[in-house]
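User: Please take a close look at the aromatic rings of this protein and at how they pair. I would like one connected account that also places them in the fold as a whole.

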Amino acid sequence: MSKIKMVFAFFVLAGLVGAGFWLTQTNEHEGGTEFAYSEAFYSFNVTDDRELVGIAHNVFVGKVIAQTGTTTDPYLQTQFSVEVLENIKGNLTGTVTVNQKGGYENIEGKQYLIITKDDKLLEPDETYLFVTRVSDFGGHLLVPVYGDLLIKDQTDRQAKMERFKRAFAQEIPSRYDKTIQNEASQEQS
């Protein structure tokens, strides 16, 4: 594994370990499913669209086609096929796999929906503005809570598109990506 991938994997795992402690609530959900929420802590300001776009590899509008699976490698994620409708950052086309942190898991005979607090699982047939990073484990990992903005109608879509186009024009590049680029340059010297 290259040094860049090892550094990336370290930061992802460290962020996830540092980000998620599970708080279990006994709120009933459809079919007796209980919720377990994790807290997310970010290394950048997720409320600043310019930084959010800066950490992303892709920002796009897409329609969720279907849930396609779940994985626990390296942590619980639910996978969705998403039809790319329009790009703001990046040049995705066709249908892509979007991974969302969390999902359904059976623990000691009970079914839990484990998800980042204030986030919701993506819904098939809904359209979202996605903010994602390419995952070393396949697909496009969305930023929890802030990387899947539901689009309610055409007016909402236009407003979100304009908002994120402005953010992209004034993007604040990720310090994390600069660190990896500097290390890659040092490896090549």
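Analyst: What follows begins with the overall fold and then turns to the aromatic rings. The model is a predicted one, and its protein holds four helices and nine strands, which from the N terminus run in the order α-β-β-α-β-β-β-β-β-β-β-α-α. Of the 189 residues in the protein, 43% are buried, while the accessible surface comes to about 10,500 Å², with 50% of that area belonging to carbon and sulfur atoms.

Turning to the rings, the count of aromatic pairs comes to two. Through ring pairs, Phe60, Tyr128 and Phe130 are linked into a cluster. As for burial, tyrosine 128 has a relative accessibility of 7% and therefore counts as buried, the cut-off being under 20%, and phenylalanine 130 is likewise buried, with a relative accessible area of 0%.

Aspartate 48, in the loop between β2 (33-38) and α2 (49-55), counts as buried at 15% relative accessibility, and its side chain makes a polar contact with the side chain of arginine 50, at 2.8 Å.

Technical notes. Residues numbered from 1 in each chain as written. Predicted model: local features only at pLDDT ≥ 70, side-chain atom pairs only at ≥ 80, totals over all residues. Heavy atoms only, no water. Helix = DSSP H or I, 4+ residues; strand = E, 2+ residues; numbered from the N terminus. Buried < 20%, exposed > 50% of the residue type's maximum accessible area, 1.4 Å probe, protein only. Areas by Shrake-Rupley, 256 points an atom, 1.4 Å probe, with all protein chains shown as cover. Polar contact = N/O pair within 3.5 Å; in protein donor to acceptor, adjacent residues only side chain to side chain. Phe/Tyr/Trp six-rings, centres within 6.5 Å; stacked < 30°, edge-to-face > 60°.
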